[in-house]
Amino acid sequence: MKASNTQIQMRKGILEFCILHIISRGEVYASDMIEELTEAKLIVVEGTLYPLLNRLKTAALVSYKWVESESGPPRKYYSITPEGSQFLDQLSGTWNDLVTSTTLITSKK
C-alpha cells in the first residue's frame, strides 16, 4: 500500500471545503484559487479545479459572472450563493469535529 494514494484521497476530501472557503471571501478568479491552493501545498491543476467548480455551480452552491479583462478574454469570477454559505457552515462544523477527533487520537502515545 502506497502512502501517496491515501494522501491524494485525503487532499481530495478537503479540496471542495477549501475552494468554498476561498470563494466565500468574495468574488474570485480560478487562477487566483489555484495560486492560493498551490501556496497552501494543496496542489491543484485546472483539470481538477474546473470540474469541481462546475459541480458546485450545478449544485447551486456557487455562481459566476463574466468580467471583461484589459489583458485578454473575459474572465469568470466565482461567488458563493446563500445555499453555498449554509453548506460551507455545515462543512466547517464537520471539519472542526474532525480536527478535534484526529488530534485526540494522534496526540496519544
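Q: Is E36 buried, partly exposed or exposed?
A: In this predicted model, E36 is partly exposed, with a relative accessible area of 30%.

Q: Which residue does E36 form a salt bridge with?
A: The partner is R25, and the closest N and O atoms of the pair are 2.8 Å apart.

Q: Where do E36 and R25 sit in the chain?
A: E36 belongs to helix α2, residues 30-39, while R25 lies in the loop between α1 (3-24) and β1 (28-29). The two are eleven residues apart, and the pair links distant parts of the chain.

Q: And R25, buried or exposed?
A: R25 counts as exposed, because its relative accessibility of 53% is over the 50% cut-off.

Q: How many salt bridges does the structure hold?
A: Two. Besides the E36 pair with R25, E27 forms one with K65, where the closest N and O atoms are 3.1 Å apart.

Q: Which parts of the chain does the E27 and K65 pair link?
A: E27 is in the loop between α1 and β1, and K65 is in strand β2, residues 62-69. The separation is 38 residues.

Q: What is the accessibility of those two?
A: E27 has 46% relative accessibility and counts as partly exposed. K65, at 40%, also counts as partly exposed.

Q: Switching to strands: in what sense do β2 and β3 pair?
A: Antiparallel, over seven bridges, with β3 covering residues 72-80.

Q: What joins β2 to β3?
A: A hairpin, through two residues.

Q: Which residue in β3 stands opposite S63?
A: S79.

Technical notes: Residues are numbered from 1 along each chain as its sequence is written. This is a predicted model: local features need pLDDT of at least 70, side-chain atom pairs count only at pLDDT 80 or more; totals for chains, interfaces and linings use all residues. Side-chain values use heavy atoms; hydrogens and water are left out. A salt bridge is a side-chain nitrogen of Lys or Arg within 4 Å of a carboxyl oxygen of Asp or Glu. Helices (H or I, at least four residues) and strands (E, at least two) are DSSP runs, numbered from the N terminus. Buried means under 20% relative accessible area, exposed over 50%, partly exposed in between (1.4 Å probe, protein chains only). Two strands pair if DSSP finds at least two bridges between them.
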